[in-house]
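Here are some notes for a first look at this structure. Please keep the view open while reading the points in order.

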Amino acid sequence: MRKADLRKNHKWFEAVIRRYEDSMNRLLSAKRVVRQQDKKDIAEATLLKLCAYWESFVDHELLDCVNIDSSKLRDHLDARLPRNLNRELCRAILFGDGYLDFKSVGALKGYAKKILPKKTNPFRLIDDPSSRKIDEFFIIRNYLSHYSFAAKRSLTRMYRKNYKMRYFREPGTFLFARNGKRLVTYIESLKKASRQMEGII
């Protein structure tokens, strides 16, 4: 049975990241005046899209890693599974009829550690600075997804703790502060995480 090739996941994801990096660089260096509100709206929309792409990338990576070596998953589930699982069976076991939802990169790493042998676990290679940036990215995403009081409180806490900001700011304003450098840093953290994960390939 032909096994999954992780390279294709990284090639796809990094191409997406490059596309958004190029878009943001064009926006930041635009000669024509772009309204500040337009920049904020674009920054927020970009963040939402990139979070969705990251989640899709993580799903495919988990699926393909289990397809390559399912030995630890069998132990974790304490189930008698075939030695070589095809992708459809891997998908059914991992996702059932729903999806996996990780609250943080730490939670993702913890789950991957339970089901993947060390040699086929790329998530363990994501360093702490990248993990923290991706977690911040998702705190902002959660606020933009439903504008709840709880999400706003989490975002305000993150601003205060990590950026010493005393007052709440809408994500677009925050991301485009310092001429968009914050948004660029978040995008770079996704690319860096993917490159680090490629260390097992």
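1. Start with the contacts along the chain. Of the contacts in the protein chain with a separation of 6 or more, 72% are between residues 24 or more positions apart. Keep in mind that this is a predicted model.

2. Next, the make-up. The protein chain has 9 helices and 0 strands. Its pattern along the sequence reads α-α-α-α-α-α-α-α-α.

3. Then the overall dimensions. Along the principal axes, the C-alpha atoms of the protein chain fill a box of roughly 60 × 35 × 30 Å. The accessible surface of the protein chain is about 11500 Å². Carbon and sulfur atoms hold 51% of that surface. The protein chain has 201 residues, and 42% of them are buried.

4. Two helix pairs deserve a look. Two packed helices are described by the angle between their axes and the distance between the axes.

5. Take α2 and α5. Helix α2 covers residues 36-68, and helix α5 covers residues 105-115. Their axes come within 11 Å and cross at roughly 15 degrees. The angle is under 35 degrees, so α2 and α5 count as roughly parallel to each other. Their crossing is right-handed. On the α2 side, the contact is made by Trp54, Val58, Leu62 and Val66. On the α5 side, Leu108, Tyr111, Ala112 and Ile115 take part. By class, this contact of α2 with α5 has 8 nonpolar, no polar and no charged residues.

6. Now α6 and α9. Helix α6 spans residues 128-146, and helix α9 spans residues 181-197. Here the axes come within 9 Å and cross at roughly 130 degrees. That makes α6 oblique to α9. The crossing of α6 and α9 is left-handed. From α6, the contact uses Ser130, Lys133, Ile134, Glu136, Phe137 and Ile140. From α9, it uses Thr185, Tyr186, Ser189, Leu190, Lys192, Ala193 and Gln196. By class, the contact of α6 with α9 has 6 nonpolar, 4 polar and 3 charged residues.

7. Is Glu61 buried or exposed? Its relative accessible area is 0%, so Glu61 is buried. Leaving aside residues up to four places away in sequence, Glu61 touches Leu6, Asn9, His10, Pro122, Phe123 and Met197.

8. Glu61 and Tyr163 are 102 residues apart along the chain. Their C-alpha atoms are separated by 32 Å.

Definitions and conventions:
Residues numbered from 1 in each chain as written. Predicted model: local features only at pLDDT ≥ 70, side-chain atom pairs only at ≥ 80, totals over all residues. Heavy atoms only, no water. Axes fitted to C-alpha atoms, helices over the stretch in contact; angles between N-to-C directions. Helix = DSSP H or I, 4+ residues; strand = E, 2+ residues; numbered from the N terminus. Parallel < 35°, antiparallel > 145°, perpendicular 65-115°, else oblique. Left-handed = near helix turned anticlockwise from the far one by under 90°. Contact = heavy atoms within 4.5 Å. Nonpolar A, V, L, I, M, F, W, Y, C, P; charged D, E, K, R; others polar. Buried < 20%, exposed > 50% of the residue type's maximum accessible area, 1.4 Å probe, protein only. Areas by Shrake-Rupley, 256 points an atom, 1.4 Å probe, with all protein chains shown as cover.
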